[in-house]
Amino acid sequence: MTDSNLSAVLFEKGDLRLVERPVPEPGPGEVQLSMRSVGICGSDVKYWTTGAIGPFVVKEPMLLGHECSGVVTKLGPGVTGLEVGDRVAIEPGVPCRRCELCKEGRYNLCPHVFFLATPPDSGALARFHVHAADFCYRLPQQVSFEEGALMEPLSVGLHACRRAGVTMGSKVLVCGAGPIGLSALVSAKAMGASDVIVTDISAERLELAGRMGASHTVCLDAGRTPAEVAQHVRETLGAPPDCAVEASGAQLSVQMAIRALKPGSAFAVVGHGPDDVNIPIVEAIAREIDIRGTFRYVNTWPTAVEMVASGAIDVKPMVTHRFPLEDTLDAFLTARSGKGVKVIIDCEKKEA
């Protein structure tokens, strides 16, 4: 293949460059993809600006990008489930498929997982990429490439709602109105939640949450204590929430949600904030609040694709900015600024 493979490579902290790299060839069980839409995640920005997230440190050049979609351009040996020309959404984490956790169906916890754009694993922000065929999912024609890229944050929200125990008639508290909080909001509504209340510090993002189906929104004004906000949430809902999803990473939200929840309910924590957070442990113990860690997703892609294809979930309002691959640095500057919600990069090479 003679096409160029313009790629967004992070060489080290603060050094993101567009470079030409060889077009990768698919190995056994893999497909080659012409990449189309890639969303910028907060983790991409963090690697660019700080060079690390916890134990994951950028030690050698790597591509960014793990929220992505594309078109199959070549099949590797042994691939039978896809065809050249298929439009696909890409699940970025490829587990070993052999360990105990994989065999238990909890492959998101596989200790040997390859995960795009998580050091030392490189990402997919390029013209071409190769990926495991069984972690690429066909997109129906009515689902756009942008929606395909948003299957990744949607899957995080869907998995968090499953961990929280959302069911028909649930009153759900969602902390944070960024892409993950909004994904939890639309997932909860699709799962039958009767009321979803969303909290955030941004009035603009809360307005978007309202347009995407939130029953109520609460702006976290400075000066209010977690207990005061919890009481406000309860009064606004007319009852304690049946479950909660924490998608902000803020200590105040963690403390507030535990205080707001109905006794015996579940609290799914997905937001990555400080390594150590103080929690009202006596509140959690005395009212048997189950605090459940939520890591990425597992077995969500088929459901996410079908829910978007059917119109039961609409993720399109989350996309606020679009850039071509050639303007990747501008896209990252926009994402870092906090403007909008989701920035999408179009990787397709346009004809002159």
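Reply: Start with two terms: helices (H or I, at least four residues) and strands (E, at least two) are DSSP runs, numbered from the N terminus. The model is predicted: local features need pLDDT of at least 70, side-chain atom pairs count only at pLDDT 80 or more, and totals for chains, interfaces and linings use all residues. Residues are numbered from 1 along each chain as its sequence is written, and side-chain values use heavy atoms, without hydrogens or water.

Is V57 buried, exposed or partly exposed? Buried means under 20% relative accessible area, exposed means over 50%, and partly exposed is in between (1.4 Å probe, protein chains only). V57 has 33% relative accessibility, so it counts as partly exposed.

What does V57 touch, beyond residues up to four places away in sequence? Its contacts (heavy atoms within 4.5 Å) are G51, A52 and P119. V57 can also be placed relative to E12. The two are 45 residues apart in sequence, and their C-alpha atoms are 9.6 Å apart in space.

P119 and P120 are joined by a cis peptide bond, with omega about 5°. P120 sits in the loop between β10 (114–115) and β11 (128–132).

E12 falls within strand β1, residues 6–12. Two strands pair if DSSP finds at least two bridges between them. Strands of a sheet pair through backbone hydrogen bonds, either parallel or antiparallel. Which strands make up this sheet, and in what order? The open sheet has 3 strands, ordered β2-β1-β6, and its pairing is antiparallel. β2 (15–20) and β6 (62–63) stand at the edges with a single partner strand each, so one side of each has no neighbour in the sheet.

Take the two pairings in turn. β1 and β2 run antiparallel and are joined by 6 bridges. Within that pairing, V9 stands opposite R17 of β2. β1 and β2 form a hairpin with 2 residues between the strands, and G14 there takes a positive phi near 80°. On to β6: β1 pairs with it over 2 bridges, again in the antiparallel sense. L10 has M62 of β6 as its bridge partner.

For contrast, look at a parallel case elsewhere. Strand β13 (residues 171–175) and β16 run parallel, joined by 4 bridges. There V174 has V245 in β16 as its bridge partner. β16 also pairs with strand β17 (residues 266–269), in the parallel sense and over 4 bridges. Which way do the residues of β16 (residues 243–246) point? C243 and V245 point one way, A244 and E246 the other way, and all are buried.

R97 has a positive phi of about 70° although it is not a glycine. R97 sits in the loop between β9 (93–94) and α2 (100–103). Its relative accessible area is 41%, so R97 is partly exposed. N299 also has a positive phi, near 55°, and is likewise not glycine. N299 lies in the loop between β18 (290–293) and α10 (301–310). With a relative accessible area of 47%, N299 is partly exposed.

At 6% relative accessibility, E147 counts as buried. Apart from its neighbours within four places in sequence, E147 is in contact with Q142, V308, V315 and K316.

Last, step back to the whole protein. Its secondary structure comes to 11 helices and 20 strands. The radius of gyration (taken over C-alpha atoms) is 20 Å, close to the 20 Å that the globule rule (2.2 Å times the number of residues to the power 0.38) gives for 352 residues, so the protein is as compact as a globular protein of that length. The C-alpha trace spans about 65 × 40 × 35 Å along its principal axes. Of the 352 residues, 53% count as buried. Residues 24 or more positions apart account for 68% of the contacts with a separation of 6 or more.
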